[in-house]
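Trainee: I would like to learn how to read a sheet and its residues. Could we go through an example together?

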Amino acid sequence: MQKKNITFELTIFDSIEELSKEDGALMLDAIAARKNAYAPYSNFQVGAAVLLENGEVVIGNNQENASYPSGLCAERVAIFYAGAKYPGVAFKAIAITATSVNYQLTDPAAPCGNCRQAISEYEVKQKKPIALMMMGEKGKVFKCNSMADILPLGFDSSFL
């Protein structure tokens, strides 16, 4: 038998003001996207912004549906749009922010499992890490260097 300890580095900023200019601007884009989320059922609004290697920023927000599985998370809206509009352009970073209409979310919100898998697909495809920043409505910002950090032992095309 063998045991392994899997760890990753997480940088925690006290607020958006501590981020680099580029990261702060990306998070502000995610905040703007969050404000246009369509979330009448969960009242949980999420915004995402993807920074591409060519300098373009693509945004997305959650889009709910009365038939719950038919909705789509902000992260996947943003990355699928980026992949459709800028095929072959690598992703540098993704910023995600979430809030609730019912309460103030001060803890960073991480992507769901489906979104982690979708982002991982692009990271594997481009053979380069995608930085990930997460925050609630305000307060601390978590930043990790790669989607692989928060999806260890991920499933990818090498298994097929």
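Mentor: L10 is found in strand β1 (residues 10–13); strands here are DSSP runs of E with at least two residues, numbered from the N terminus. This is a predicted model, in which local features need pLDDT of at least 70, side-chain atom pairs count only at pLDDT 80 or more, and totals for chains, interfaces and linings use all residues. Residues are numbered from 1 along each chain as its sequence is written, and side-chain values use heavy atoms, leaving out hydrogens and water.

Trainee: How do strands of a sheet pair, and what is the strand order here?

Mentor: Strands of a sheet pair through backbone hydrogen bonds, either parallel or antiparallel. Two strands count as paired if DSSP finds at least two bridges between them. Here six strands form an open sheet with mixed pairing, in the order β1-β6-β5-β4-β2-β3. β1 and β3 (57–61) stand at the edges with a single partner strand each, so one side of each has no neighbour in the sheet.

Trainee: In which sense do β4 and β5 pair?

Mentor: β4 pairs with β5 (residues 131–135) in the parallel sense, over five bridges. T97 has M135 in β5 as its bridge partner.

Trainee: Is I94 buried or exposed?

Mentor: Buried means under 20% relative accessible area, exposed over 50%, and partly exposed in between (1.4 Å probe, protein chains only). I94, in strand β4 (residues 91–100), is buried because its relative accessible area is 1%. By contrast, L10 is partly exposed, at 33%.

Trainee: Which residues does I94 contact?

Mentor: Contact means heavy atoms within 4.5 Å. Leaving aside neighbours within four places in sequence, the contacts of I94 include L26, V50, I119 and L132.

Technical notes: Helices (H or I, at least four residues) and strands (E, at least two) are DSSP runs, numbered from the N terminus.
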